[in-house]
Amino acid sequence: MELGVTDHTASVETEPQAGDRAPGAPLLELRDVRVAFRHGGRRLVAVDGLSYTVAPGRTLALIGESGSGKTVSSRAVLGLLPPTATVSGSIRFEGEELVGLSERQMRRHRGASIAMVFQDPTRSLNPTMRIGAQITEAIRVHQKLDGKAAKARAIELLKLVRLPAAEQRFVEYPHQLSGGMRQRVVIAIALAASPKLLIADEATTALDVTTQAQIMELLRDLQRKLGMAMVMISHDLGLAASFADEVVVMYAGRAVEQAPTRTLFANVRMPYTKALLEAIPRIERPPHQPLPVVPGRPPDLAALPAGCPFAPRCPSARDLCRESAPPFGEGEPGHRWACWYPCGSDGAAPA
Amino acid sequence: MSSNGSQPLLEARNVVQEFVVRGRGGVKGGVVQAVSDVSLKVMPGETLGIVGETGSGKSTLARSLLQAPKPKSGQVLLRGTDLTGLKGRDLLDARRSMQMVFQDPFGSLDPKWRVEDLVEEPLIAYGVGSRTERRRKVREVLDLVGLDPSVYGRRRPRQLSGGQAQRVAIARALALDPALIICDEAVSSLDVLIQAQVLNLFERLRAELGLSYLFIAHDLALVKQVSDRVAVMYLGKLAELGPAEALYREPLHPYTVALLRSVPSPDPEAPKAAAEEAISGDPPSPIDPPSGCRFRTRCPHAQERCAVEVPELRELGTQHAVACHFPVVQRSANGR
């Protein structure tokens, strides 16, 4: 049942493999990535100067509200943006530049070395096809296997994602499965080609807490077994705290704070991150205490304010914040933030 | 609003809701036991939270309370009047003091209507006041939910953000001066900062208008934030019911313990539940629920008795009741 990490390498085209590269080299490296859309004659910058790296086997969390650019930036990695989008900057996967690749070249990576799992498993699966057919289809796109071998591999994958009664589920349709089971099938399909990087876009948001815990545990376990790296997109800082090695907080298309998970949560610098953390209802807190909130909502990306995009809502904004945008600099080793007046100097960072 | 402190605003007595599932050719395929013998009370000014997984029957319970559809059996008393016995105009009038707010605000607002018309509609439906009076009421409730009527009144739903649309849905619910608002995952689709704004709005309205809430959500922390008491549902039955503080601090039902352990903490230093402690599998089908205790198939402490005898909801602490033959010893629940 155990899957080898190298299973797929023979079937993928003869590209340089990870083994040929310097150890410790990042698997995925984004540098100054910018994604702009043309929208009704206006230009809308959805991602502005995003940079991060993910090492093999590690987990990076992209955190932010709707419209913060976390999903758009990840779709840019897979070349899944509509033709109205322009991507600039550099996205390197195993050293190879992905920006500017043709659709045909991109397909070599998409689903093979980089796979993606979306929020709603119902929409990722074809309701008219049996589970087995959907997963063997994914396997045979990437590997030249006959029907029997593909089926064996499919059942192996379904067992790997701990789908109960895998052989029986193989002949069932998506509607016969629960939400959690469907998401397991979607993950099995994503793993079909033993990807080196899995992008999980709110993969557990639609699930119950108990199922969410199971799926996150499964993903962590698979990562360890397969040495797979993960980019986890979420609005839930709690989930990031539990599962990510590094966290990037995004606001209005920009990274506003970035650090290894422990560093970030021990020492929040950006008022936006602090606001996000404080606004989460906590089970340790007694009922009926008003939540600290920031007023307003994220700015319209087509009409960004001058200066810091968070300034209009920020409790500690001053004149400078409204005049010029703070640089996204490394304020402390490994910890970057974009803020002129970072919090925490008074040690008031929430735990 | 009315009545003294001792009479419940709303009381459910042994409410049962079932649906027949049809198989091929319309033959009876089975009966979904969506809500099985649930009894609970909501006092005036009180918020009762209901938590549970998908399929636990929490939304069906809410709809049964509203008589939409009427429960299969049991009674629903609103200020002492049994709603299950009412029909037509009498039912509509009684139901006026219970309003509902749903998860997707855009799904509950007609996209072609303007905000002021959307909020006025329930007033027209109930024939309340003159047009001028209704318009005054619309402005009043829009103000109450934090939307400037002169700015937002003429807008249509697509010109609103998710949080603003949910505020309109809340204003609609408030227009008829209800005593109870049933919130079914009412903030679950909102971003965390907007969610906090709406949660604070609910709290403010509770204080200002003396409202009661039935607050349904799958997020345990969210429910605790607004609730005085919390009910935990599993597969159509109440597993545990108690004061919010006590229930979260000293859960008695193994299911509540499992739910609480599944909540990810926004503190990376927090101890993580070991994999074997996390609850496994999916809930069984409500068409053919397990005999005895419905949770026993996933319960780490299940014994023979659990398969034979249905555990009754019994009070163990102050107002704290549990339906379990072997409730969790309180010390071990905390000693992790």
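What percentage of the 336 residues of chain B count as buried? I found that 46% of them do, taking a residue as buried if 20 or more other C-beta atoms, placed from the backbone, lie within 10 Å of its own, as exposed if 12 or fewer do, and as partly exposed in between.

Before going on, I noted that this is a predicted model, in which local features need pLDDT of at least 70 and side-chain atom pairs count only at pLDDT 80 or more, while totals for chains, interfaces and linings use all residues. Residues are numbered from 1 along each chain as its sequence is written, and chains are lettered from A and ligands numbered from 1 in the order in which they are written.

**Chain B overall.** I counted 13 helices and twelve strands in chain B, these being DSSP runs numbered from the N terminus (H or I, at least four residues, for helices; E, at least two, for strands). The radius of gyration of chain B, taken over C-alpha atoms, is 21 Å, close to the 20 Å of the globule rule for 336 residues, so chain B is as compact as a globular protein of that length; the rule is 2.2 Å times the number of residues to the power 0.38.

**The side facing chain A.** I looked up the interface next and found 40 residues of chain B in contact with 39 residues of chain A, contact meaning that C-beta atoms placed from the backbone lie within 7 Å. Helix 8 (192–209) of chain B gives the most to that side of chain B, with eight residues.

**C324(B).** I located C324(B) in the loop between strand 12 (320–322) and helix 13 (330–334) of chain B, and it counts as buried because 24 C-beta neighbours lie inside 10 Å. Leaving aside neighbours within four places in sequence, C324(B) is in contact with L252(B), H253(B), P254(B), C293(B) and P311(B).

**Helix 7 of chain A.** This helix (residues 179–190) has twelve residues and reaches 17 Å from its first C-alpha to its last, close to the expected 16 Å, which is 1.5 Å times one less than the number of residues. Eleven of the twelve residues are buried, so helix 7 of chain A is largely enclosed by the rest of the structure. I noted that its buried residues pack against several elements of chain A, including helix 4 (131–142), helix 5 (147–160) and helix 8 (209–226). One of those buried residues, A188(A), touches I135(A), L157(A), L158(A), L160(A) and V161(A), not counting residues up to four places away in sequence.

How values were computed:
Two residues are in contact if their C-beta atoms, placed from the backbone, lie within 7 Å.
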